[in-house]
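Student: Could you take me through how to read the features of a model such as this one, starting with solvent exposure and ending with backbone geometry?

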Amino acid sequence: MNVGFIGTGTMGLPMVGNLLAKGFAVIAYDAVPSALARAAKAGATAAASSADVATRSDLIVTMLPSSSHVEAVYLGPSGVRDAVRAGRLCVDMSTIDPAVSRRVAAALAERGARFIDAPVSGGVPRATDGTLAIMVGGDKSDVDEARPVLSAMGANIIHVGAVGSGEVAKLCNNLIAGVAAVAVSEAFRIAEGFGVDPKVLTDVISKSSGNTWVMEHMHPVAGLVPRAASTNDYAPGFMTDLMAKDLGLAVNAARELRVPVLVAPAAQQVLRLASSHGFGRRDFTSVYLFLKPSSGDAAV
Ligand code: NAD
């Protein structure tokens, strides 16, 4: 089976690696030549455009930064919509606005093609291990058809509901993870100020009510979790700008639904500030570096 894969970046590349390892032929495209070259080196066939991928593939996967990139790849010039054959299934694994997922699905339906959203959680380590959590929105028959391909990349594939609902689950999850990253960073800065060993504090919290996945697997303090981005000089991982985007998706959804949200916008602004201080393309846990206390006089 030829799997088309568009967007071979931080997450896409290891996901392509797992598809190849499980015996799928992969036809890849990325707008950045060096990213495409890495996929080709891993064993994928390089395509000339998104349309080229769509023409040559039995099933098309996309793994792109945000809503605008997904709209461009599917609906823009040399995009998937213009080239995809009727009956083909497209699987968008990016984290985007659920309304965009529905819009792209409707546009593809006019061409007789099908679309499901299947965003992921777990970060680069689980993308590399092929054990991502994948939350899927779409018709059950389409989800079942995609399952062998998704199983090559993930360990938990959960059908959430109709198209767009995978994205809803994802933005709810990242609301919690984004807020937790800021909270964990604040807590460890306070502990540091009091001279408490971060390793001992990690031990305490991991057995207490403040325990969180972010601390266990993506610890913002370097050297405590070997596979955490912090231990690799905060190389992403998951970029600060992408987490700020995801919190923005959650905040926008809340606004549309008139759900009051206070903590998510605060965390989003902390990440935006971190970005404006040069941390945007580093891992989101580098917010811990941004929260370094000022070196002035003690608090007044
Ligand atoms: P990334 O920026 O590293 O990779 C995205 C790739 O898409 C890049 O290589 C880029 O060149 C390519 N691209 C952009 N526009 C394109 C276009 N028009 N045509 C072809 N290629 C194009 O981002 P990433 O970290 O791999 O994240 C991808 C998605 O997965 C995002 O939506 C992110 O929120 C989500 N996500 C990331 C992580 C993580 O840990 N990095 C975890 C879970 C979910």
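**Reading exposure, contacts and backbone angles**

Tutor: Gly 193 counts as exposed because its relative accessibility is 68%, where exposed means over 50% relative accessible area, buried under 20% and partly exposed in between (1.4 Å probe, protein chains only). Gly 193 belongs to helix H9, residues 165-193, helices being DSSP runs of H or I with at least four residues, numbered from the N terminus. This is a predicted model, in which local features need pLDDT of at least 70 and side-chain atom pairs count only at pLDDT 80 or more, while totals for chains, interfaces and linings use all residues. Residues are numbered from 1 along each chain as its sequence is written, and side-chain values use heavy atoms, with hydrogens and water left out.

Student: Is Ser 67 buried or exposed, and which residues does Ser 67 touch?

Tutor: Ser 67, in helix H4 (residues 67-75), is buried, because its relative accessible area is 15%. Not counting residues up to four places away in sequence, Ser 67 touches Ile 96, Asp 97, Val 100 and Leu 249, a contact meaning heavy atoms within 4.5 Å. The side chain of Ser 67 also reaches the backbone nitrogen of Asp 97 at 3.1 Å; a polar contact is a pair of N or O atoms within 3.5 Å, and within protein one must be able to donate a hydrogen and the other to accept it, while residues adjacent in sequence count only if both atoms are side-chain atoms.

Student: Which polar backbone atom is 2.8 Å from an oxygen atom of the ligand?

Tutor: That backbone atom belongs to Pro 65, while a nitrogen atom of the ligand lies 2.9 Å from a polar backbone atom of Gly 237. On its own the ligand has 830 Å² of accessible area, of which the protein covers 88%, areas coming from the Shrake-Rupley method with a 1.4 Å probe and, for residues, only the protein chains shown counting as cover.

Student: What should I look for in the backbone itself?

Tutor: Most residues other than glycine have a negative phi, and most peptide bonds are trans. Here, the peptide bond from Pro 236 to Gly 237 is cis, with omega near 15°, and Gly 237 sits in the loop between helix H11 (213-217) and H12. In the loop between H11 and H12 there is also Asp 233, with a positive phi of about 55° although it is not a glycine, and Tyr 234, whose phi is near 60°.

Conventions: Helix = DSSP H or I, 4+ residues; strand = E, 2+ residues; numbered from the N terminus.
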